[in-house]
Structures are given as structure tokens and as C-alpha cells.
Amino acid sequence: PKEAGVPVISIHSEGYDDLLGNVEIEDHPDIEEYWNYGGTANMEGLYSYLERTFLGLDVPVSAPVPTPRAYICHPDSPDLFLNTTSYLQWYRNHSGHRYDEGAPTIGVMNLAGDPVTSSMRSAIVRALESKGANVIDIGFENTSAINEFFILNGSTIVDAAILTKPFRLNYGDPEEGIEDLEALKVPVLNAMKLWYQTPEEWRNS
């Protein structure tokens, strides 16, 4: 399709966008914003934008809707959750892995700006759920959101947490970040993002 002149858009390919695609993404910044923000409204906006821009259809196009600065997401939900209660209500009733109060619950902490549609976030959730664990994947900007999402009615509802942020949890106030984690009273793992190696390559390096 690319060689035939069909528009091919590539984003988040870790340096291969120009090789895989033929559309200058810099000329269409909204495409990446729709995708990164995620959610039903942004996916509808993305399809409308593509239809109008590349197919010439006369359809209305809405602007990208920014992602909240604190939220819970799940790869099976097109929408974001702004509190734990609404997320657990959805999680208990959705068609895939259902929230099981008797199973371990793992909290995953990502920066709010990390794309909710990223393959990394989805893979972490899927891997944990495949082991029978519940997962609460949050996006945060202020570390106070960690306790807002992981502590419910005065009790910590996660048994462990994974932080994907590659630097200090609270860059402006490291001590406050430590205190926010200590308030959970559970083990916290700092994940390592491998962009150019497989886990086995990293272990053998």
C-alpha cells in the first residue's frame, strides 16, 4: 500500500515511523494526540479526522480531548475512570478478567501523559491478569493520586505496586514521594523499560 501511494501512518514505532509510514506526522499532530489521549471520544475524532483529511469525506471533526491528569485505565475499556469505586464496579462486571476480592491486586503507576493505548501498558495488565491477579493501572501527575486510587475507605486495596516511571516518583519533592509510597505499606517494584532489547537480551547483557 505504501509503494502504491496509499497513505500509511506510523506512530510510536520507536524510530521506524519514516520507514514504515509515508505520512509526515508533524503535519498532522492531532493524529498522535487522539491516539495518546485514548477513549471513545478521541477514537471517534481520529476516524473522522482520517476520513476528512485522507478520504475527502465531508464529516465533522472534533478536537482531541486531553486525558485527565489522574485516572485509572484498562485496555478493555474505551473510557477512563476518575475514581476507584467506578473502576471496580466496571471491573467486577466486564466480560474479561473480573475483579476477584480473594485474588492479589497489583497497582501499576504510570505518568498521566503516558499513552493509555500503549502496548506496554496493555501487556503489563494482560500479563498480571493471566496469573490471576487484579490490576489497577493508574496515570498520575501528582503523587497524592496514588493514595487516592490505591487506598479505599482507609485501607490499601493493592498487595503490591509497580512504578514504570524511570526517575524519581516526585521529582520536585522526593521525600513526599517516598512518604506517599510508604503510606501504602506494600512492596513497590521499579520497572525497567526496554525499548531496544528483549528481556532475555537484557538479562544476558
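Colleague: Is S205 buried or exposed?

Modeller: Please bear in mind that this is a predicted model. S205 lies in the segment after α8 (199-204). A residue counts as exposed when its relative accessible area is over 50%. The relative accessible area of S205 is 69%, and S205 is therefore exposed.

Colleague: How far apart in space are S205 and M120, C-alpha to C-alpha?

Modeller: In sequence, 85 residues separate S205 and M120. In space, the distance between their C-alpha atoms is 22 Å.

Colleague: What is the reach of helix α5 from its first C-alpha to its last?

Modeller: Helix α5 covers residues 119-130, which makes 12 residues. At 1.5 Å a residue, a span of 16 Å is expected. The helix comes close to that expectation, with a reach of 16 Å.

Colleague: Where on helix α5 do its buried residues lie?

Modeller: The buried residues of α5 are R121, V125, L128 and E129. Seen down the helix axis, they fall within an arc of 100°. In general, an α-helix has 3.6 residues a turn, so residues three or four places apart point the same way. The buried residues of α5 therefore line one face of the helix.

Colleague: Which elements do the buried residues of α5 pack against?

Modeller: On the other side of α5, S119 and S130 are exposed. The buried residues, by contrast, have packing partners that include one helix, α4 (84-93).

Colleague: Which residue with a positive phi follows α5?

Modeller: The phi of this residue is near 95°. The residue that follows α5 with this positive value is G132.

Colleague: Which residues form a nonpolar patch on the surface?

Modeller: One member, L19, is found in helix α1 (residues 17-20). L19 is exposed, with a relative accessible area of 59%. Together the members of the patch have about 340 Å² of accessible area, and they are Y16, L19 and L20.

Colleague: How many helices and strands does the protein have, taken as a whole?

Modeller: The C-alpha atoms fill a box of roughly 55 × 45 × 35 Å along the principal axes. Of the 205 residues, 38% count as buried. The secondary structure comes to 8 helices and 7 strands.

Conventions:
Residues are numbered from 1 along each chain as its sequence is written. This is a predicted model: local features need pLDDT of at least 70, side-chain atom pairs count only at pLDDT 80 or more; totals for chains, interfaces and linings use all residues. Side-chain values use heavy atoms; hydrogens and water are left out. Helices (H or I, at least four residues) and strands (E, at least two) are DSSP runs, numbered from the N terminus. The expected span of a helix is 1.5 Å times one less than its number of residues. Buried means under 20% relative accessible area, exposed over 50%, partly exposed in between (1.4 Å probe, protein chains only). The arc is that of the directions from the helix axis to the C-beta atoms. Contact means heavy atoms within 4.5 Å. Patches are made of residues with over 30% relative accessible area and no salt bridge: like charges are joined within 9 Å, nonpolar side chains (Val, Leu, Ile, Met, Phe, Trp, Tyr) within 5 Å. Accessible areas come from the Shrake-Rupley method with a 1.4 Å probe; for residues, only the protein chains shown count as cover. A salt bridge is a side-chain nitrogen of Lys or Arg within 4 Å of a carboxyl oxygen of Asp or Glu.
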